[in-house]
Each structure stands twice: as structure tokens, then as C-alpha cells.
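I opened my notebook to look up a few things in this structure. Here is what I had on screen.

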Amino acid sequence: MAFDIDRFARDSEGVTWDDLDLDVFRDDPLPPRTLRTLRYMCDVEYHTVCYLRDMLVTPSRADPEVGTFMTMWNREEFWHGEALAHVLELHGITVTYDDLKARRVKLGWRDRIAPVRQSVLSNIVGKDFVAVHMLWGAVNEWSASAAYKRLGVLEPHPALGGLLRRIVAQEARHVAFYTTQARARLADNPKAQRLARLALRTAWQPVGSGISSESEVTHVMNHLFSGREGRKEIDAIDRHIARLPGMSGLRVVADAMDARGVAA
Ligand SMILES: [Fe+2]
Ligand SMILES: [Fe+2]
């Protein structure tokens, strides 16, 4: 299935919430466990600009479709961050740009050299790097979609549900782009397949690892994905990955849950 990048660029817009009655949270607030997870998701969404920075120094930038996608994608994720920050604000939790900046500064030298390291490694790899990037993006977007869907099930507050559905609709388009690209770039390309398998097997961690502390990652993964229903979503992601060219038998997302003690 083709992905119409021109249409995506034309139709892309920031998620809106003005017409949703979110003020009900003032009288009927979300529980602390949910707010903790929302805070994590908000940080991840705002962090997209840093992922974008790390990708703009790679061969991916030179591909016009990928470049166009990343431009719109970054903007959409930014507005997811704004929407979640608004919900948090209604609960007295303020996410300011200073907080975000402080968090980025705290990431230290690893974060500062990340673009340099990324640039050197990805340009040595060359064009096949783009295939790895697209697969990686697909896994992260599948994870984000699953996370929002699970949150909607676990937290049936009607005001939250309306917003989550809008976000999930955009995440679904992100999934469509990355998977379309990954499938095409991995097909008949054993070298890219080997690289992609290696990258996922050795380096993939749940989105948000490295930005938030391990205790927050463990909280969020347990909150959203423990138990039978949670594990069903995780297994579905692994099945999606395994269906891409050369990826059969991979089980990276379930492994990451097992490593954090998320009970199946
Ligand atoms: Fe998002
Ligand atoms: Fe996304």
C-alpha cells in the first residue's frame, strides 16, 4: 500500500482540543497513576525535536519523502505534547519549557555528542541506514499507538478518551508512513535487513528510555502493558515487526517488557 506523502503534508495539522470539555477535570480529576503516565508521554512527545535533530544529520535527511515526513511529524508530535501538557496543567502539573530544557541539559554529554556519533555512524552505513531508521520509527510508532490505546481502555474518563482518539488517529498515519518505507527499503536487501535486526536486537528500548528515569519507564510499562490484555498489544507489535522483510522471529518488545518485570 502506497503512502501519499503530498496528501499527508497538505492535511497535516496540530491536534486540537478547544472543542473538548477538558475543564471537567477540575471537578473530576484523573488519578495520580494516570497523571504520572501522562507526564511521561508528554515528555516523550516534546522530545521529538531532539530525535529529529539526531535524524537530520543522517542520510535520511537527503530523501525528499522522509524529509517531508519528518517536518510534519515533528510538528504533530509537538502538538501532542502541548495537548497533554494542557491536561496536566488542569491538574496543577505545569510542564514548562524550562523543565524541558533542564531535562535536556541533564542528559549531559551523551546527548550533546549524539548527533555527531549518529552522523558518523549513519554516513558510514550509507543508504541502508534509512531502512533501519524507518523500521525503528515503525516500532516506536506502533508502541505509541498501543500506549495511547491502552491508556484509553484503562482510564475511561470521557474527556480524556476524546483527546486520545485524536492523537491515536495521527499516530496511525505515522505508523503507515514508517511501515510503508521500512517494507520497501528492507525488501530484497539482505544487508539492510541484517543491520536492522542487529539494531533492534541490541539497542531497542521502550520509547522514553533515556529521557525519563528507569523507575518512570518501569511504572509506565507496568501501568499500560501488564496483564493479559497489555501483553496482547505487545505481542501484536512483535508480530507486526516479524512480518516485515527479514524480521521473522524477532521479539524485541516482549523482551523489553520481560526485562522490566512487566507480568504477562
Ligand atoms: Fe505522538
Ligand atoms: Fe507518532
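Is Glu 171 buried or exposed? I found Glu 171 buried, at a relative accessible area of 1%. Buried means under 20%, exposed over 50%, and partly exposed in between, with a 1.4 Å probe and protein chains only.

I noted the ground rules. The model is predicted: local features need pLDDT of at least 70, side-chain atom pairs count only at pLDDT 80 or more, and totals for chains, interfaces and linings use all residues. Residues are numbered from 1 along each chain, chains are lettered from A and ligands numbered from 1 as written, and side-chain values use heavy atoms, without hydrogens and water.

Next, the metal. I listed the protein donors of the iron ion (ligand 2): Glu 77, Glu 141, Glu 171 and His 174, lying 1.9 to 2.7 Å from it. Donors are N, O and S atoms within 2.8 Å of the metal (3.2 Å for Na, K and Ca); water is not among the atoms, so sites may look incomplete. Glu 141 in helix H7 and Glu 171 in helix H8 (residues 158–186) are 30 residues apart. Glu 141 is buried too, at 5%. I saw Glu 77 bridge the iron ion (ligand 2) and the iron ion (ligand 1), which lie 3.8 Å apart.

Then the fold. I counted twelve helices and zero strands. Helices (H or I, at least four residues) and strands (E, at least two) are DSSP runs, numbered from the N terminus. Buried residues make up 52% of the 264 in the chain. The C-alpha atoms fill a box of roughly 55 × 40 × 35 Å along the principal axes.
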